[in-house]
Amino acid sequence: MLDASTLWPFVRDLRERAPLVQCITNFVAMDMTANVLLAAGASPAMVHATEEAADFVELGGTLSINIGTLSPGWLGGMEAATIAAKRRGTPWVLDPVAVGATRYRDEAVARLLPQTPTVIRGNASEIMAMAGRRDVAAKGVDSTQTSPAARTNAIELARRLGCTVAVTGSIDIVTDGARVVSLANGHPMMTKVTAMGCSLSALVAAFLAVTRDPLLAAASAIGYFGVCGELAAEAAEGPASLRLRMIDRLYTLDCTTFADRLKVVE
Amino acid sequence: MLDASTLWPFVRDLRERAPLVQCITNFVAMDMTANVLLAAGASPAMVHATEEAADFVELGGTLSINIGTLSPGWLGGMEAATIAAKRRGTPWVLDPVAVGATRYRDEAVARLLPQTPTVIRGNASEIMAMAGRRDVAAKGVDSTQTSPAARTNAIELARRLGCTVAVTGSIDIVTDGARVVSLANGHPMMTKVTAMGCSLSALVAAFLAVTRDPLLAAASAIGYFGVCGELAAEAAEGPASLRLRMIDRLYTLDCTTFADRLKVVE
Amino acid sequence: MLDASTLWPFVRDLRERAPLVQCITNFVAMDMTANVLLAAGASPAMVHATEEAADFVELGGTLSINIGTLSPGWLGGMEAATIAAKRRGTPWVLDPVAVGATRYRDEAVARLLPQTPTVIRGNASEIMAMAGRRDVAAKGVDSTQTSPAARTNAIELARRLGCTVAVTGSIDIVTDGARVVSLANGHPMMTKVTAMGCSLSALVAAFLAVTRDPLLAAASAIGYFGVCGELAAEAAEGPASLRLRMIDRLYTLDCTTFADRLKVVE
């Protein structure tokens, strides 16, 4: 079973190497995502236009794609960037926000999947929708399902696409189709802060720059993010102070606290 | 006269029901708006593209439209969403940011008004511009007028359009053309934080999911927001800590404090 | 040598006059930029669409242009606004984010330069790229060079374009080609907060509304911003509390503290 001694070195490497992470993400999450990545030690760059998205991939960073606040111009940039990423072997993360909620989102995901994301991170409703379940409906961008309910779908999806799938919620499940890791950090108040999932997806992309194993990258990001989130929540007076304290914690978290808090349950 | 015993049940219901609120808003306000809605208990979704804005209305949320940082693609999405809202009977809020400042904004509002907003929320300059006053000019997005100066225009506008109009400022005036409610919560330092008015408009849309009376929805949102804002300002060291404390307060405010603080002056 | 007695009156005037500042900036920086400007006393307005960007310039504010998260529609608005600014004599600031990183960014800057920015503010890599140095490469949006390394290039650029150039970093250098001012406020943790440089550029535009001397405007903005940043960093537990405290400080900074802290080193 994974533990802090396996995952902490990636947190340390991220801080030391400050890898470039190109993000094509939604308007709500941009500020939070950039600040989360900076606090964690990465060097984020938001570059989305079709005119330059692929050129920017050539600079050698990893890539994070998030389809919240989607529109045709942005989808074009996402497609260009992911095609360049595939050709170049750049690891990339897909966050399929609210897939299943509208036909447009389903079609967008269908255009990106041929470029095979390294990691897909979503909530339970999103992962179930991507696995073809039409019997579950989300409430807008929020999940109506728990992560364990999506476990089988996540494994199937990982096998079918040949990628790693992370379902986050009160329990977080990461699988590459063969291995399954479950983590249990975090705090319910984190659902009252916008862009938590979105910035976590970008953080997975940052960890893909320091380990070649996507399962470990996703588990590191989720464990690190979850520990910081619960520490922040315990000291917070509400969602805004949670957010502030969490970003501060990403910057200051030490190995001992990480090891004390990390809950890998499987 | 309205009091806390009338308005508090809507605050409580919002927290319990967590209604979906679709927002097509400006780039500056997205993060703040999403966090305000989450802290208040709603489930916000920012979905604007013409390709899906109307489809998303069918999911059954209420709708908030804000014309800050406007451009043609976004206006198309706003038009599609409001047409769907009108057809479906979905309550929607219009925040006519900086209307009167450029011809483009006037034309944008003219395209949205046939879909009859349930509530219009603006500052005094915006409401006076919408009422056809060409003798007053705003300073960019900021009002140069006080709310009481816009009182008559607000009543006229509400009657002419058959909707509820809220003019916010140091005094907040809400009218459906027949009834008029005035509130006096808030704090001057709130004008030093961006997206305050914008997120309040979206909060009105959230309250439209828990009461069918638009006047009560607007008054609830304004009273709740104003009480939290003044409590936050009293403890703040500047605009950024005001913003943080206000979002925390939206999450933690209790009925007793609300009743102690609420100032309905008419 | 410049000192606080020269620069503080501009800070005071900014608070008193609350000048309108039109910003066409990137999605990541909008919230931070608006809040920085409001805390400093200005009246920001984010207005970018080609349909109205030039009309808005006619309202009489100063103008800040930032090419982060660039796309063709936005570049059109930037071009329209800067052409109107040039015709009208409106002072404007160019923040050439990540110029040199992609051809698209180089071409964008080439379209804006004929309108002669009043001030260009960038990090060392950006200013060196604008001066034609092809031997240095940035890491995405982050500089790989120190400001003193860009000193000669900044002076050359200022002379060639007939404008003021500010290179910011641990040392900040401002030059109009004849005079050179160096400042040394700030804190390393400021690089862990997104949109710091972007919001500083917009703050320079705000100061251009209170002094006709672009060198003094840039030096005032940089000194005021740097002093507030270092005071915030000293009390911060991480990057998010730095950001919060810095915005609060912009609102509350007094003349004595400014004079005690300001470090003009040349």
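**Ground rules.** I am working with a predicted model, where local features need pLDDT of at least 70, side-chain atom pairs count only at pLDDT 80 or more, and totals for chains, interfaces and linings use all residues. Residues are numbered from 1 along each chain as its sequence is written, chains are lettered from A and ligands numbered from 1 in the order in which they are written, and side-chain values use heavy atoms, without hydrogens and water.

**Chain C against chain A.** I looked up the contacts (heavy atoms within 4.5 Å) and found 26 residues of chain C touching 28 of chain A. The buried area (accessible area, 1.4 Å probe, lost on putting the two together, summed over both) is about 2300 Å², with 63% from carbon and sulfur atoms. On the chain C side, C:Phe27, C:Lys139 and C:Lys192 lose the most area to chain A, together 22% of what that side buries.

**Salt bridges.** With the rule of a Lys or Arg side-chain nitrogen within 4 Å of an Asp or Glu carboxyl oxygen, I get two across this interface. In one salt bridge, A:Asp31 meets C:Arg243 at 2.8 Å, N to O.

**Strands in chain B.** I took strands as DSSP runs of E, at least two residues, numbered from the N terminus, and pairing as at least two DSSP bridges. E7(B) (172–175) pairs antiparallel with E6(B) (164–167) over three bridges, and with E8(B) (180–183) over four. B:Thr175 of E7(B) stands opposite B:Val165 and has B:Val180 as its bridge partner in E8(B).
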